[in-house]
Amino acid sequence: MHNFIYPNEIDLQWSILIVLYPFLTGLVAGAFILASLERVFRVEAVKPTYRLALLTALSFLLVAPLPLQLHLGHPERSLEMYLTPHRSSAMAMFGFVYLWYLMVVLVLEIWLDYRRDIVLLSRSSTGFLRVIYKIMTLGSDNISERALHIDERVGWVITIIGIPSAFLLHGYVGFIFGSIKANPWWSSPLMPVVFIFSAMVSGIAAVMLLYMALTKLRGFAVSVECVDAIATYLFYIFIVDFSLEMLDLIHRIYEADESFRSLDFMVHTSLWIPHVIVQILLGTLTPILLLGVTQVVKLAVPVRKRIYAIAGCLTLVGIFAMRWNVVIGGQLFSKSLLGYTTYKLQLGSREGLGTAIVLTLMPLGILYVLAKLLPPWQQHETT
Amino acid sequence: MNRFKDAEHLVRVAGVFLLGITLFLCFRAWFVPKSFGQYGHYRADSITEIAALPVIHAGHETCETCHADVLEIKKAGKHAGVNCEACHGPQGKHAEDPSSIKPALPDTAVLCARCHEANTAKPKWFPAVVSAEHSQGLPCNTCHTPHSPHIGDKK
């Protein structure tokens, strides 16, 4: 602690779990946007990742509320958000956004897309799995051409509804931070937009990495055309994301309001490594540069794949650092603008590093089960 | 008829959603207390329920009727504005039956530190000490009178 800080600011109220929450929802929104590229914008090259992106979005969405539940305690009370909704609370209304996105967008779209496979699997499988698939068919095994055509059209409409829903899902997280006018580090109308674009960046990078890793693990060849297309989208969206973040930064520097000196000091001291080094240099400029090289120079396929893998990992590190700097950074300085505190990351506590690691890995476990139940892989993959 | 047959699964999924919504509404009707929302975003019955709870604090006026001597000491010191039950805890039962229910004396080594332990967040004018260095574990009332803690000339 340095200089003058109010008593209620000594301990940070929002821990690493609150960092994890926007990171996870960002991956959900980004993965869904990647899926919509194929469905709505007919980008055929990214087709191998379509189903994987949907399952990834579902896996991460199922885990996304857990950091909040663990942070707040009393998870049973979260039900009251639905039973007695408080319309003036953005956080409370988000429960409905979450439910809408989970049930109407993701579950329904996955069900419609997989319906043919589910019906076929319900016929070919045996034992307990057969019962599961039978339940999933909802008692209808009509997979006639016309029925599947109807599924395709309805799925398309759901994806169209899903795109603004994905924006709403993650824009809301930025909205919560951006509307806290008492905190100059957060209070910015650009916050929801920056969150949406950073979500797209992280989700696309995550699905690209998952696709590359899982395809390799299964012993199949990664579709170069597919990863090339994803990397191109990642590159352009990253540029927009970085431009928005820089616009926010330049605006803050030019405006230089009463909080500027305090925030500037923080960026040059306690946030120097996580913000400048990790987020901007390592997690933003380096992947943009790496992806930019692949767009300009004709590199060999193995080199390109390696670059995509490195750029994807760095992107995830950078976006996590961005969430860290927003959530933790916003609590490191005093409202007096004259003092600073520090965040001690615990290891084994309810809101410690161990819990954060478990919560980050948990969606991968769910994805494993989902991928076993509903294989997202294409029939004609090459080895 | 055929047209409907090919969209039957959509009717089924809509049925599942409808069933879910109906079950939710039934659960809500059963779970949410009837008086919820009568005055605001809370259960109106809670007002009467809370009002019916036994009073556990006596209030400093009640304490002062018997402990006038302590009031005189307190009035002259820095703790004049601190309510009796802030340190002694709720004393409603003691006030009702002072002869048989005697409150335990607080452990000053713990109690005083709650406010007076040094902390960088505390304003400079507020008396605060690092108790481990200041008193080496001795109770504060070894030297200070808790009701008027200043040692030396009274201001």
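In chain B, 56% of the contacts with a separation of 6 or more join residues 24 or more positions apart; a contact means two C-beta atoms, placed from the backbone, within 7 Å. This is a predicted model, where local features need pLDDT of at least 70, side-chain atom pairs count only at pLDDT 80 or more, and totals for chains, interfaces and linings use all residues. Residues are numbered from 1 along each chain as its sequence is written, with chains lettered from A and ligands numbered from 1 in the order in which they are written.

Staying with chain B, there are 10 helices and 0 strands. Helices are DSSP runs of H or I with at least four residues, strands are E runs of at least two, and both are numbered from the N terminus. Chain B has a radius of gyration of 30 Å, whereas a compact globule of 155 residues would be near 15 Å; the radius is over C-alpha atoms, and the rule is 2.2 Å times the number of residues to the power 0.38. Its C-alpha box is roughly 100 × 40 × 25 Å along the principal axes. Of its 155 residues, 6% are buried, that is, 20 or more other C-beta atoms lie within 10 Å of the residue's own, with C-beta atoms placed from the backbone.

Next, the interface. On chain A, 19 residues contact 16 residues of chain B. Helix 5 (90–124) and helix 7 (145–178) of chain A each give two or more residues to that side, and helix 7 gives the most, with 4.

Last, helix 13 of chain A. Its buried residues are Thr355(A), Leu359(A), Pro363(A), Leu367(A) and Leu370(A). Their cover includes helix 1 (16–39), helix 2 (50–63) and helix 3 (65–72) of chain A.

How values were computed
A residue is buried if 20 or more other C-beta atoms lie within 10 Å of its own, exposed if 12 or fewer, and partly exposed in between; C-beta atoms are placed from the backbone.
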